[in-house]
Amino acid sequence: MRRRPLRFGLSVSLVAASGLGIRIWSVLAWQRDFELHGDQVFYHHQANALADGFGYVNPYALQGAGWLIPTAAHPPVYSTYLAAVSLLGGTTPLAHKLASCFLGVGTIVLVALATRRVAGDRAGVIAAALVALYPNLWISDGGLVSEAAYATVVAALLLAAQVAWERRDRWSAIWLGLALALATLTRAEALVLFVLLAAPLLLLGGGASLRRRVALLAWCGGAGALALAPWVARNLTTFEHPVGISVGAGYVLEIANCDETYHGSLLGYWSQTCDRSTWPVGDESVVEVAKREVGLDYAREHADRLPVVVLARIGRMWDVYRPTQGVALNDFFERRGESTSRTALWMYWAMLPFGVLGLVAMRRRGMPISPVLAIAASVTIAAAMSFGITRYRAGADVALCLVAGVGIDACVRWAQARRNAPSPTTVAEATA
């Protein structure tokens, strides 16, 4: 009994080391010299500002004019992680990129542990290998974007969800709530998972009474609310207009709702030319309100076109609408590389059927599939409300590796069963 855990641990350790090597190679070989742009600038400089004791301030204003202006442009988890690296002396973009590679190691190990609880040691190792090799994950890990942290948190969330379903006790519900809060503080759209993931998981099924199940959901929600409270309270008392988790939605709505994204080659995507309104004077919440109104006004005025646009957004997110163009856009805007993006697309398509098989196998074994479906639903909702981009699918890609690992393991089990099954001749001889 001692050999199996040891063998599993050694296998996952080797896979994690290989995954780390891939991520470090991707940074040193071709990402290290990329000039920072977009969100990369924000996370890098805000981390250093945090390490210098300035708090969560707008890094653009700090770098440009030395102004200390509070920000809630992004949730705090990824910047805080990088700030810890800065405190240890790693203040350069390269140091932050390399530190993010270690988040990928966490994703590999956590997915292995979560999958192991679902389908055993072999499935856990297979899922870990998929995470290690999948370009859509290791590109983000070295890309200085929050999806590196979000992938790790989603892996922890999947593990917490499985434990909560198995144990159905107070502490497992609390840990699930804390994992949900951490996911929300990494990417704001994860807030819907309190409803999509926690509620079905804790309320449906199981032998506990309805009162007990409601109590578990209350413990989960209460723990999550307490974890979110400091950040939300800070935002509510800092800005002119109410701010919950972040203020990025307004700008996103504007660049996703205009003529360029409702028609033509960029249907369902975003366009910089959509940033067409003036930026009003005031803090980030003032800008948020103004930009949001521009985007929503356009959507209301073109409501007849909205169903087509939403379908295109979702299709882009799941790489079923103009996937070849998606590769080009990932190369040009996201700087993911043409060959790497194409390989990622092929591997994604290859994992999908095994993912479906994995869901079927989990269902037959009585394992919960609602956490995986909830994460997929959250990604779909985010795309429908904004635009479709591969990088934003990171959470669902982690879940896909888990279910694909289960699916591949199920295929191996089926092949082994067929090989070990007695032949008709053997059966006839035995019954003669």
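The legends below describe close-up views of a predicted model.

Figure 1. In soluble globular proteins, nonpolar side chains tend to be buried together.

**Figure 2. The surroundings of Leu158.** When its neighbours within four places in sequence are left aside, Leu158 is in contact with Ala114, Pro371 and Val372, and also with Ile375, Val398, Ala399 and Leu402.

**Figure 3. The disulfide between Cys258 and Cys274.** The sulfur atoms of Cys258 and Cys274 are 1.7 Å apart, and the two residues form a disulfide. The pair links distant parts of the chain, 16 residues apart: Cys258 is in the loop between helix H12 (249-256) and helix H13 (259-262), while Cys274 is in the loop between H13 and helix H14 (284-301). A disulfide is a covalent bond between the sulfur atoms of two cysteines. Cys258 counts as buried at 3% relative accessibility, and Cys274 counts as buried at 0%. The count for the model comes to one disulfide.

**Figure 4. Cys401, a cysteine whose sulfur is too far from the closest cysteine sulfur for a bond.** Cys401 is buried, with a relative accessible area of 0%.

**Figure 5. Lys291 and its polar contact with Glu254.** Lys291 is found in helix H14 and, at 1% relative accessibility, counts as buried. The side chains of Lys291 and Glu254 are joined by a polar contact of 3.0 Å. Not counting residues up to four places away in sequence, Lys291 touches Gly250, Tyr251, Glu254 and Asp275, together with Ser277, Thr278 and Trp279.

**Figure 6. Glu334 and its polar contact with Arg391.** Glu334 is placed in the loop between helix H16 (323-332) and helix H17 (338-364). Its relative accessible area is 18%, so Glu334 is buried, as the cut-off for this class is under 20%. The side chains of Glu334 and Arg391 make a polar contact of 2.6 Å. With neighbours within four places in sequence left aside, Glu334 is in contact with Leu329, Ile389 and Arg391.

**Figure 7. Aromatic pairs in two arrangements, edge-to-face and tilted.** A search of the whole structure finds 14 aromatic pairs. One of them is formed by Phe42 and Tyr43; this pair is edge-to-face, with 5.7 Å centre to centre and 90 degrees between the planes. Phe42 is buried, with a relative accessible area of 2%, and Tyr43 counts as buried at 3% relative accessibility. The ring centres of Tyr251 and Trp279 are 5.8 Å apart and their planes are at 45 degrees, so this pair is tilted. Tyr251 lies in helix H12 and Trp279 in the loop between H13 and H14; the pair therefore ties together parts that are 28 residues apart in sequence. Tyr251 is partly exposed, with a relative accessible area of 26%.

**Figure 8. A cluster of rings linked by ring pairs.** The members of this cluster are Tyr269, Trp270, Phe332, Phe333, Phe387 and Tyr392.

**Figure 9. Arginines over aromatic rings.** The charged end of Arg116 sits over the ring of Phe8, at 4.2 Å from its centre. Arg393 lies over the face of Tyr348, 3.9 Å from the ring centre.

Note on methods. Residues are numbered from 1 along each chain as its sequence is written. This is a predicted model: local features need pLDDT of at least 70, side-chain atom pairs count only at pLDDT 80 or more; totals for chains, interfaces and linings use all residues. Side-chain values use heavy atoms; hydrogens and water are left out. Contact means heavy atoms within 4.5 Å. A disulfide is a pair of cysteine sulfur atoms within 2.5 Å. Helices (H or I, at least four residues) and strands (E, at least two) are DSSP runs, numbered from the N terminus. Buried means under 20% relative accessible area, exposed over 50%, partly exposed in between (1.4 Å probe, protein chains only). A polar contact is a pair of N or O atoms within 3.5 Å; within protein, one must be able to donate a hydrogen and the other to accept it, and residues adjacent in sequence count only if both atoms are side-chain atoms. Rings of Phe, Tyr and Trp (its six-membered ring) pair if their centres lie within 6.5 Å; planes under 30 degrees apart count as stacked, over 60 as edge-to-face and the rest as tilted. A charge sits over a ring if NZ of Lys or CZ of Arg is within 6 Å of the ring centre and within 35 degrees of the ring normal.
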